[in-house]
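Please work through the following exercises on salt bridges and helix packing. Each task is followed by a solution in steps.

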Amino acid sequence: MSSPADTSKSIKLERYKYYIRRVNTKKLVNASSNLLFRATLLISLIFLFLFTFNHLPLSSYQFNTRSTHFMSFAFTTGGAWEKQVLHSSTPRHPKGISVLLTGAAGFIGTHCSLALKKRGDGVVGLDNFNSYYDPSLKRARQALLKQHHVFIVEGDLNDTLLLSKLFDLVPFTHILHLAAQAGVRYAMQNPQSYINSNIAGFVNLLEVAKSANPQPSIVWGSSSSVYGLNTDNPFSELDRTDQPASLYAATKKAGEEIAHAYNHIYGLSLTGLRFFTVYGPWGRPDMTYFFFTKYILQGKHIHVYQTKDGKEVVRDFTYIDDIVKGCLRAIDTAEKSTGSGGKKRGPAQLRIYNLGNTSPVKVGEMVEILEGLLNMKAKKHAMKMPINGDVPYTHANVSLAYKELGYKPTTDLAKGLKKFVKWYVGYYGIQSMVKKEIPLHHHSP
């Protein structure tokens with residue numbers, strides 16, 4: 001009988017293979033656990049980022065998709081963006097001021113930026129380049145300001161992060177706040193835009209300004225529209241302004257009341273300027289004098305509104321150069337804010353002024369002046385003024401601005417419109433049918 005086979009070697013071999021399998025399995029489990037931990041950590045970080053991004057404050061997200069995109073670009077470029085802001089904000093002489101000018105690519109904002117820069121002050125612009133009217137005109141103004149070394153930050157008033165970043169970079173001495181949703185009639189189509197800009201945007205700007213150290217002095221643009229249904233003429237700062245005829249007027253009046261509150265609580269120095277029908281080169285295409293010029297040259301009919309009792313609409317047309325002088329005088333006479341770090345230290349200056357021409361003109365007379373300058377007859381169509389928020393008559397009493405600011409308008413409508421038409425035909429390249437005494441080359445304001 002043969003002896004049983006020796007199985008010890010095969011058993012040992014099987015045990016060794018089992019041991020190797022256990023070691024490899026343990027290594028695999030450890031590696032898998034490590035990989036799972038890293039993947040979980042990465043996913044958690046991604047979710048945390050998305051949660052933070054999607055739960056930004058309403059003021060920083062809902063209204064500002066445009067400026068948020070710009071901010072990501074601006075801050076990633078870092079030093080280059082900061083260098084432009086610092087260069088533009090630096091005055092040319094030791095006594096110069098540093099101004100944050102909102103609405104810098106707008107009509108009045110462009111002219112004020114140029115005037116401040118020309119006299120040696122530092123200016124940084126802020127504008128969101130919205131499409132209320134042709135953005136290409138705003139871009140052309142931006143290009144003009146760039147030639148004069150004024151940098152415009154593209155962003156929105158409701159972007160707290162952007163405003164805070166600007167104040168971190170520059171200790172602005174003044175703010176000239178001209179950014180606003182303009183136009184009386186457009187409020188019937190897009191009322192929310194007036195709330196976002198004229199109220200929410202103004203509050204956001206004041207919130208950042210109150211916390212700045214030092215607090216800047218603030219001059220901002222109100223409007224003659226606040227007089228609304230007031231029947232006293234000429235309009236005085238002492239007249240009632242609690243009967244707005246449009247949402248635009250209501251938001252401007254709200255701005256005046258908001259300014260009073262921030263002055264009282266936080267010691268901000270605030271000066272409001274009620275503008276009366278501003279016109280001139282680089283103006284707004286939605287203004288009557290601007291699109292009347294366009295329609296007359298194109299041979300289109302223009303609507304000349306009349307009041308319910310058949311009278312012509314009258315406006316206190318104010319030339320842009322006079323408005324700029326008033327803005328600069330308001331800045332130069334503005335006292336320092338009295339707060340520090342959001343806390344009031346004492347009473348602060350609070351003022352409101354009319355800036356008008358004091359010489360109301362019938363819209364029909366304005367059309368006649370344009371006919372003479374353009375050497376064309378307008379195709380006029382008289383019609384009753386619709387219920388759209390417009391008022392039939394404006395007339396500024398500027399005695400307070402004259403007394404305290406030295407404000408004195410010097411340009412009558414005929415002279416001012418001649419300068420506007422000269423710019424218009426140059427900017428749009430129109431050379432036919434216009435009077436020869438109006439130069440047909442492009443002029444800067």
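**Exercise 1: an exposed and a buried partner**

Lys377 counts as exposed, at 65% relative accessibility (exposed is over 50% relative accessible area, buried under 20% and partly exposed in between, with a 1.4 Å probe and protein chains only). The model is predicted, with pLDDT of at least 70 needed for local features and 80 or more for side-chain atom pairs, while totals for chains, interfaces and linings use all residues. Residues are numbered from 1 along each chain as its sequence is written, and side-chain values use heavy atoms, without hydrogens and water.

Task: Which side chain meets Lys377 in a salt bridge?

Solution. Step 1: a salt bridge requires a side-chain nitrogen of Lys or Arg within 4 Å of a carboxyl oxygen of Asp or Glu. Step 2: the partner of Lys377 is Glu371, at 3.6 Å, N to O. Step 3: Glu371 is buried, with a relative accessible area of 7%.

**Exercise 2: a network**

Task: Determine which residues are linked with Glu256 in a network of salt bridges.

Solution. Step 1: Glu256 meets Lys253 at 4.0 Å, N to O; both lie in helix H9 (residues 247-266), three residues apart. Step 2: Glu256 also meets Arg274 at 2.8 Å, N to O. This pair links distant parts of the chain, helix H9 and strand E6 (residues 270-275), 18 residues apart. Step 3: Arg274 is buried, with a relative accessible area of 3%, and Glu256 is buried at 9%. Step 4: the network comprises Lys253, Glu256, Glu257 and Arg274.

How values were computed: Helix = DSSP H or I, 4+ residues; strand = E, 2+ residues; numbered from the N terminus.
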